[in-house]
Each structure stands twice: as C-alpha cells, then as structure tokens.
Amino acid sequence: MKYTTSQRLFDRAKELIPGGVNSPVRACRSVGANPLFIRRAEGSRIFDVDGNGYIDYVGSWGPMILGHRHPAVIEALTAALANGTSYGAPTELEVEMAQLIIDAVPSVEMVRMVNSGTEATMSAIRLARAATGRDLIVKFDGCYHGHADSLLVEAGSGVATLAIAGSPGVPESFVSHTVSIAYNDSEAVRQVMAAKGDKIAAVIVEAVAGNMGLVPPVEGFLKTLRQECDRSGSVLIFDEVMTGFRVAYGGAQSLYGIKPDLTCFGKIIGGGLPVGAYGGRRDLMTQMAPQGPVYQAGTLSGNPLAMAAGIAGMRELGKPGFYEALGEKASRLIQGLGAAAKKYDIAVSIANVGSMLGLFFVDTPVRNFEDAKRSNLDRFSAYYRIMLENGIYLAPSQFEALFVSAAHEESDIEATLRAAEAAFKRLSDKQQ
Ligand code: KE4
C-alpha cells in the first residue's frame with residue numbers, strides 16, 4: 001500500500017500540532033507506525049488520503065456502532081443542519097435525548113449533557129464530592145476515565161500506551177485524593193473501604209474495562225463495589241462512556257445487574273459528534289446548578305447536531321434483535337481469531353463482551369492491568385502492521401478494545417480472519 005499523502009500530511013501536521021495529532025493514541029507510536037490520514041468512511045470501511053480502504057474495527061474508538069454514515073444518522077443530521085448548528089439555548093432535541101437515556105438505563109433518573117467523556121466523569125466526580133462532603137476517590141489501575149487531573153493516575157488508554165503513570169502538570173495535591181487499586185480485586189476494595197470508606201466520595205469504574213485492552217469484570221467484583229459503597233456511603237460511578245449502548249442497550253449495568261448511583265456516557269450517544277453525559281439518582285443530580293449549588297457548564301452542551309445524530313442512532317439500537325445480531329458477529333470473529341492463533345501455536349488471550357473485543361499476546365488470562373502489561377507488545381506491533389497491510393484497521397495499541405459494527409458483513413469477518421491467519425503464520429515463522 002502507498003502512504004505518501006498521509007506521510008506528507010503527517011510531516012506538516014507535526015509542525016503545527018503536538019505529535020501531529022489531536023489525541024495521543026492516534027499517533028500510533030506504540031506500534032512503530034505513522035498515522036494514516038483519513039479522507040472518508042462508509043459502513044464498515046474507512047479510506048485514507050492515498051485511496052487505501054480498510055475494514056474498520058476502531059469505529060472512532062467506539063461511537064460508530066452502526067457503521068459509518070448510517071442513512072438514519074445522516075438524514076437526521078441533514079435535517080438538523082437546515083435549522084442551524086448551535087443556539088446556546090434549550091431545544092426539544094435535548095429533552096428527547098434525556099428521555100431516551102432515562103428510558104434505557106433505569107438507574108438514571110436525571111441526566112445532563114456535556115461535550116466529552118472527560119467532562120462527564122469530571123462532573124460526576126465533582127458531584128459525588130459535593131454530595132458526600134468528602135475528597136477521596138477510588139479508581140482502578142488500567143481504567144481510563146478521560147484526562148481530568150484527578151483521574152490521570154495509573155490510567156489506561158493513551159496514558160497506558162505511553163506508559164505515563166499520571167502526567168506532568170497534575171499537581172501532587174490533586175492525585176493525593178485519588179486511590180488506584182487493581183481491577184477485579186474485590187479483597188483490595190474491601191480493605192481500602194474498611195480503612196478509608198468514611199473519607200471516600202466515590203468509586204469510579206469501567207464496568208467492562210476497555211482501556212487496558214478488554215478486561216471483563218470477574219464474578220462478584222461489581223457487586224462488591226455496590227455493597228462497599230452502600231456500607232460507606234460513597235457514590236458508585238459507572239463510567240459507561242465506552243460500554244453505554246455498546247454492550248447492551250442498557251449498558252454494562254444491565255448485563256451485570258448492578259445499579260450505580262451515577263453513570264457517565266459518551267461516544268455512541270452522539271452518533272459520532274462531540275458528546276458526553278452524566279446522570280443517575282435524582283437526589284444527586286438535583287444538586288447540579290442551576291437547581292443546586294454544584295457548578296458545571298458548557299457552551300455546546302446538548303448541541304442540536306450531536307443530539308440529532310445521537311437520537312437517530314439510538315433509535316436504531318433500540319430495534320428488536322439489534323444487539324443479538326451484533327453479538328453473533330463478534331462471537332464469530334473471536335472464535336475465528338482463537339482458531340487461527342491455535343493453528344499457528346500463537347499464545348493469545350481473547351475475549352468479547354457483546355461487540356467489544358480484546359486480544360492479548362499472552363498465554364494466561366487477563367484479569368487486570370498487571371496481567372495486560374505482560375502481553376508481548378513487540379508481537380502486538382507486528383500483528384498490527386501485518387493486519388494493516390492486509391486492509392484491516394485495528395486500534396494502534398495493545399491497551400485498547402476493538403469494535404464490531406452493525407455494518408460489518410460476513411465477508412468482512414471472513415476477510416479479517418484470512419488476514420489474521422496470515423499474520424499469525426508470519427508471527428509463527430518468525431518465532432521458529
Ligand atoms: P473523551 O473525553 O475522549 O470523549 O472520553 C474519555 C473516556 C472516558 N471514559 C472511558 C471509559 C473512555 O474510554 C474514554 C475515552 N476512550 C479513549 C479510547 N479508549 C478515547 C480515544 C482517545 O483518547 O483518542
């Protein structure tokens with residue numbers, strides 16, 4: 001494949017934008033590649049500026065569950081555009097979006113729109129601290145909740161990929177209020193809550209972790225969080241920015257039967273436009289300005305274009321059988337990947353929760369960030385590059401999840417499995 005235009009644009013971008021990208025993980029540094037500059041996307045495919053086409057499993061890092069340019073989304077956006085782009089005033093679309101989220105997620109009694117997942121988690125943390133009068137928050141190693149200061153501690157995603165524990169510029173005083181413990185370690189949770197529970201404002205967790213690669217919760221982990229927060233009076237926050245409307249219409253909380261006090265959303269609910277939201281118990285949410293004293297605001301919060309795209313997409317997701325069909329595709333892919341790796345004796349740990357998939361190059365189960373970090377990153381990088389050569393667009397990091405969309409056809413799955421088999425064969429040959 002030819003990448004000359006991407007390369008030229010990247011060289012220029014690096015002079016103008018830090019690292020040449022507007023979000024670090026896009027720089028592909030951890031896989032020793034240069035980023036492709038994208039011109040357009042359609043359905044399950046994405047096309048770079050050199051005219052190369054790829055089957056897309058990044059899906060804009062989660063939002064594109066319907067595939068790119070779904071007709072219903074494009075039609076709704078076109079109609080919304082005819083009325084303008086932003087007013088800075090309430091619209092009927094925001095009422096409709098709020099109703100859709102509240103109807104889909106029973107733990108959410110009220111909801112506030114913001115413009116990113118980071119804003120959603122940052123606001124939920126502020127609300128929990130205000131409501132409890134406490135400062136401490138608990139998060140989990142390898143979980144990423146956006147780049148708000150108090151959450152950039154042992155974070156996953158781009159931070160994990162860049163191996164930054166926290167980040168320069170975050171005052172020690174900020175992270176001193178954040179405790180990060182091992183994901184899936186219920187005993188550690190009980191110990192921290194026993195020791196500090198009366199000082200802990202909130203426990204925030206990815207109910208299915210997608211930012212250290214895919215790591216599902218083990219039996220009892222989420223229940224322990226619920227029980228311990230009930231016991232200590234701490235607010236349980238599910239960060240469903242990635243899993244919300246992804247793993248089920250009601251999110252991960254509907255799969256595992258645990259009701260958090262607050263939930264954060266993003267990605268899918270904006271249909272590909274900038275969006276975030278947080279919501280939950282009415283007694284908490286009514287403390288947000290202007291109804292209550294806790295301040296949070298946003299010029300473009302509830303933007304009519306993002307609302308129109310999100311609502312149109314969510315209506316498609318609410319149709320009978322949508323998640324079953326999507327889950328079947330993901331399972332076929334996962335099973336095929338496992339069989340291909342086995343055929344060439346390549347040790348992998350693979351998992352999926354609905355249409356969120358993970359593949360680690362490690363021969364033991366991955367239950368937390370320490371396990372994930374044992375993955376063979378050199379092998380992952382080689383796999384990434386071989387798959388790209390074969391027209392498969394994967395997340396350029398071992399510490400990310402992959403996403404199957406409704407637009408992925410059987411032929412896409414088959415092409416992906418052929419590419420994976422070729423990749424595992426090459427890895428196996430190199431191994432010998
Ligand atoms: P944003 O601020 O990027 O909209 O959302 C932050 C966020 C919060 N919570 C979870 C569970 C998330 O996964 C994210 C963002 N996800 C990453 C990819 N894993 C975004 C990609 C990027 O940083 O470019």
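**Note on the predicted model**

1. Asp-345, with a positive phi near 55°, follows helix 12. Helices here are DSSP runs of H or I with at least four residues, and strands are E runs of at least two, numbered from the N terminus. The model is predicted, so local features need pLDDT of at least 70 and side-chain atom pairs 80 or more, while totals for chains, interfaces and linings use all residues. Residues are numbered from 1 along each chain as its sequence is written, and side-chain values use heavy atoms, without hydrogens and water.

2. Helix 12 covers residues 322-343.

3. Buried means under 20% relative accessible area, with a 1.4 Å probe and protein chains only. An α-helix has 3.6 residues a turn, so residues three or four places apart point the same way.

4. In total the protein has 15 helices and 14 strands. Of its 432 residues, 58% are buried.

5. The radius of gyration, taken over C-alpha atoms, is 21 Å; a compact globule of 432 residues would have a value near 22 Å, which agrees. That rule is 2.2 Å times the number of residues to the power 0.38. The C-alpha atoms fill a box of roughly 60 × 55 × 50 Å along the principal axes.

6. Of the contacts (heavy atoms within 4.5 Å) between residues at least 6 apart in sequence, 72% join residues at least 24 apart.

Technical notes: Buried < 20%, exposed > 50% of the residue type's maximum accessible area, 1.4 Å probe, protein only. Expected span 1.5 Å × (residues − 1).
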